[in-house]
Amino acid sequence: MDRIPILRMGRFLLVTLQVDMHDQLALRLQDDLTNAIQAKGAKGVLIDISALEMVDSFMGRMIADISGMARILDARTVLVGMQPAVAITLVELGLSLPGVDTALNVERGMRLLERVLSDGDDHRPR
Amino acid sequence: MATITARGEQPLRNEHDIVLCRQTVRHLAKEAGFSLVDQTKFVTAASELARNALIYGGGGELKWESLLDGIRRGVRLSFEDHGPGIPDLEKALTDGWSSGTGLGLGLTGARRLVNEFELHSTVGVGTRVMIARWK
């Protein structure tokens with residue numbers, strides 16, 4: 001069975017979503033990622049979608065769900081690398097990804113997480 | 001009147017077929033000369049409808065046509081299933097309404113992403129959604 005690799009970067013986890021994921025793979029990632037957050041005590045998750053040429057409502061919901069699950073496990077999620085065409089399509093589709101933080105690339109996403117965590121407001125409800 | 005320059009069909013029986021459907025539609029959209037944004041919109045609409053056909057219709061098929069209308073090129077897709085059908089079409093085309101576990105964005109979202117949209121459904125027979133986009 002295929003798996004999406006989850007890399008550890010210091011206090012954070014990095015997941016790179018590849019082109020044309022099938023649904024089961026996306027669902028398995030929810031399991032793997034929440035387990036990894038708990039096992040490694042990660043405070044932040046970066047989901048890199050720069051390789052994705054499209055995000056439909058299923059994938060969008062999966063990303064929003066992961067973000068929500070991570071939040072409950074005391075980790076922040078930042079979605080990074082969205083292609084402009086994907087952003088345009090998502091908004092027109094009606095999917096605004098509420099509650100999901102975004103950054104232009106992995107580096108900025110890391111900085112965002114570091115800033116948020118050092119502010120110490122990571123327990124403040126949004 | 002648009003002429004059909006190529007046509008084909010492929011099954012929508014499982015998740016991998018949704019991936020294949022996206023690849024086919026991406027290829028057709030590129031061939032028709034769509035911009036990257038238009039390709040993305042069309043592929044995303046196709047992905048929503050392919051998943052609908054699989055989840056709600058129990059599977060079906062994608063029929064595609066490459067179109068030429070004068071100098072205008074376009075692509076028409078038809079997603080057909082033999083599932084239970086949709087009893088209330090108007091309700092099904094309301095944002096946020098879903099009969100299943102989805103977000104209810106599939107049909108309405110797909111409609112916003114294309115130039116032409118037609119929904120035909122007969123309870124007990126199946127559902128056919130036709131979408132088209134022009135360059």
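Predicted model: local features only at pLDDT ≥ 70, side-chain atom pairs only at ≥ 80, totals over all residues.
## Helix 1 of chain A

Residues are numbered from 1 along each chain as its sequence is written, and chains are lettered from A and ligands numbered from 1 in the order in which they are written.

Which residues of helix 1 of chain A are buried? They are Leu29(A), Leu33(A) and Ile37(A). What covers them includes strand 1 (6-9), strand 2 (12-16), strand 3 (44-48) and helix 2 of chain A. Helices (H or I, at least four residues) and strands (E, at least two) are DSSP runs, numbered from the N terminus.

As for its length, helix 1 of chain A has 18 residues and reaches 26 Å from first C-alpha to last, close to the 26 Å expected, the expected span being 1.5 Å times one less than the number of residues. Just after the helix, Gly41(A) takes a positive phi of about 60°.

## Chain A overall

Chain A has four helices and five strands, in the order β-β-α-β-α-β-α-β-α along the sequence. A compact globule of 126 residues would have a radius of gyration near 14 Å, and chain A agrees with its 14 Å; the radius is taken over C-alpha atoms, and the globule rule is 2.2 Å times the number of residues to the power 0.38. Of the 126 residues of chain A, 35% count as buried.

## Where the chains touch

How many residues of chain A are in contact with chain B? There are 18, and they meet 24 residues of chain B, with contact meaning that C-beta atoms, placed from the backbone, lie within 7 Å. Helix 1 (23-40), helix 2 (57-72) and helix 3 (84-93) of chain A each give two or more residues to this side, and helix 3 gives the most, with six.

By class, the side of chain A that touches chain B has seven nonpolar, five polar and six charged residues. Here Ala, Val, Leu, Ile, Met, Phe, Trp, Tyr, Cys and Pro count as nonpolar, Asp, Glu, Lys and Arg as charged, and the others, Gly among them, as polar.

## Chain B and its strands

Chain B also comes to four helices and five strands, running β-α-α-β-β-α-α-β-β from the N terminus. Its radius of gyration is 14 Å, close to the 14 Å that the globule rule gives for 135 residues, so chain B is as compact as a globular protein of that length.

Strand 2 (residues 60-69) and strand 3 (residues 72-81) of chain B run antiparallel, joined by ten bridges; strands pair if DSSP finds at least two bridges between them. Glu65(B) has Arg76(B) as its bridge partner in strand 3. These two strands form a hairpin with two residues between them, and Gly70(B) in the turn has a positive phi of about 70°.

Strand 3 of chain B is also joined by eight bridges to strand 5 (residues 126-134), again antiparallel. There, Phe79(B) has Val129(B) as its bridge partner.

Key:
Contact = placed C-beta atoms within 7 Å. Buried ≥ 20, exposed ≤ 12 C-beta atoms within 10 Å, placed from the backbone.
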